[in-house]
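Here's a quick briefing to read alongside the model.

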Amino acid sequence: MDDFADIRPYQDEEVAPVLAKLVSDPELLAALAKLKAPVLSRFFGFAVRPLLKLYLRRELRGVTTVRDFQLHVEHYMDQMIEGSTRRFTVSGIEDLDPKKSYLFISNHRDIALDPAFLSYALYHNGQDTVRIAIGDNLLSKPFAADLMRLNKSFIVRRSAKGPRQMLAAYRKLSAYIRHSLLEERESIWIAQREGRAKDGNDATETAVIKMICMAQDKEHESFADYVNNLNIVPVSIAYEWDPLDVAKAQELVHTARDGAYQKAEHEDLKSIAAGILGDKGDVNVHFGKPLQGDYVNAVAVAADLDTAIIQQYRLYDSNILAYQAVVGDDRWQELDAEVPDAGQRAAFDNRMSAIPAAYRQKVLEIYANPVINKLRRQDMQAMH
């Protein structure tokens, strides 16, 4: 019996029937038509959609396994990186053993790109891609869920109603993570928190660690043994520019002013598209060393994750220049960061001047916070 059939990624034997369903999905075809030919689709959608269906069938011919599908996606990932990323760098990956499975826990800045860049880094360094935790709040369209599960995503049921259903959903999720890592030897990515760190403050939610550790076999293993067996790798993903910086600032300003922010319908799906297509400048993915320690509880694990993720986060000129604008002192020079040159300063000033005045200060704070957090962490360690 398949205990995880409703949340796990699709398996090889499911790929062909799911793709056959997708190429005829009217909502997917309408969305692609709008993306590929917005003007034509508005007036001649009835003609564009059958052509897209034929195109998809031809494109996906021969795709019969999950690996086939991921290789197909990788082609588009290459195009995206070349088109919207000036330089993509990877560090720390030499410390990983390709024969081991890992639980990669990273900071969370972009819905789709964080796990995509991580898998891309692993794949291009001779390692297997990861299974990706994704909230069902992002799967409002059935075709979106199918596409994600074809790409090794598993579903986090955040929409479960009531405490009992929520507890059951998290127990199943925890059991699946254990099953994947320790029995199937498949690596997993999960974000350190439920939502993106819209303000640039990367912090692990203890609840995420508690959920992961629900599957501990308390009769036969200690909490520390279980955590150590999971091979938790802290990952820091740094973007020089966030394509959604203004959107995030707008949400933060409205929340502070009105007490809440109401998302538009399918806003998350629009954010995914904007993040993929928007300018990211330089991007770095840093893999830390697997956590090992005599952990007594989830708080201790979260603390070590925070320390590693903040310390190994790559600072860019956008962070330094924002720190100078927000804080104004020279303490950033204590950190391993390059001095921005005149060209970088001019590019930064141009970008900031194009941001609506109501959101500019908040955008500056978003970019400055990683520097502030590094310095704060440094001060805390000096005290101890």
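Two strands count as paired if DSSP finds at least two bridges between them. On that basis, strand E6 (residues 232–239) and E7 pair in the antiparallel sense, over five bridges. Keep in mind that this is a predicted model.

- Seven strands make up an open sheet with mixed pairing, in the order E1-E7-E6-E2-E5-E3-E4.
- Its edge strands are E1 and strand E4 (153–156), and each of these pairs on one side only.
- On average, neighbouring strands here are turned by 25 degrees against each other, direction ignored.
- At the E1 end, E1 and E7 run parallel and are joined by six bridges, with Thr89 standing opposite Asn284 in E7.
- How well covered is E7? Mostly covered: seven of its seven residues are buried.
- Helix H4 (residues 66–84) lies across E1 and E7, and runs at about 115 degrees to E1.

- Thr307 sits in helix H12 (residues 298–311). Is Thr307 buried or exposed? Its relative accessibility is 19%, so Thr307 counts as buried, the cut-off being under 20%.
- Neighbours within four places in sequence aside, Thr307 is in contact with Arg377 and Gln381.
- Ala358 belongs to helix H15 (residues 357–383). With 59% relative accessibility, Ala358 counts as exposed, because exposed means over 50%.
- Ala358 and Gln250 are 108 residues apart along the chain, and their C-alpha atoms are separated by 8.3 Å.

**The second largest pocket**

- This pocket has a volume of about 460 Å³.
- Its lining comes to 23 residues, and those nearest its centre are Arg314, Leu315, Asp336, Ala337 and Glu338.
- Which elements give two or more residues to that lining? They are strand E1 (85–91), strand E7 (281–287) and helix H13 (317–326).
- Sorted by class, the pocket lining has nine charged, eight nonpolar and six polar residues.

**The cavities**

- How many cavities of 30 Å³ or more does the structure hold? There are four.
- The largest cavity contains about 70 Å³ of space. Lining this cavity are Arg109, Tyr239, Asp242, Tyr313, Asn319, Ile366, Tyr367 and Pro370.
- H15 gives the most to the lining of the largest cavity, three residues. That lining divides into five nonpolar, two charged and one polar.
- The second largest cavity has a volume of about 50 Å³. Its lining residues are Gly200, Asp202, Ile310, Tyr313, Pro370, Asn373 and Lys374.
- H15 also provides the largest share of the lining of the second largest cavity, with three residues. By class, that lining has three nonpolar, two polar and two charged residues.

Key. Residues are numbered from 1 along each chain as its sequence is written. This is a predicted model: local features need pLDDT of at least 70, side-chain atom pairs count only at pLDDT 80 or more; totals for chains, interfaces and linings use all residues. Side-chain values use heavy atoms; hydrogens and water are left out. On a 1 Å grid over the protein atoms alone, a cavity is a set of points where a 1.4 Å probe fits but cannot get out, and a pocket is an open set with protein on both sides within 12 Å along at least five of seven lines; lining residues have an atom within 4 Å of a point. Grid points are joined across faces, edges and corners, and a volume is the space filled by probe spheres set on the points. Helices (H or I, at least four residues) and strands (E, at least two) are DSSP runs, numbered from the N terminus. Ala, Val, Leu, Ile, Met, Phe, Trp, Tyr, Cys and Pro count as nonpolar, Asp, Glu, Lys and Arg as charged, and the others, Gly among them, as polar. Buried means under 20% relative accessible area, exposed over 50%, partly exposed in between (1.4 Å probe, protein chains only). Axes are lines fitted to C-alpha atoms, for helices over the stretch in contact, and angles run from 0 to 180 degrees between N-to-C directions. Contact means heavy atoms within 4.5 Å.
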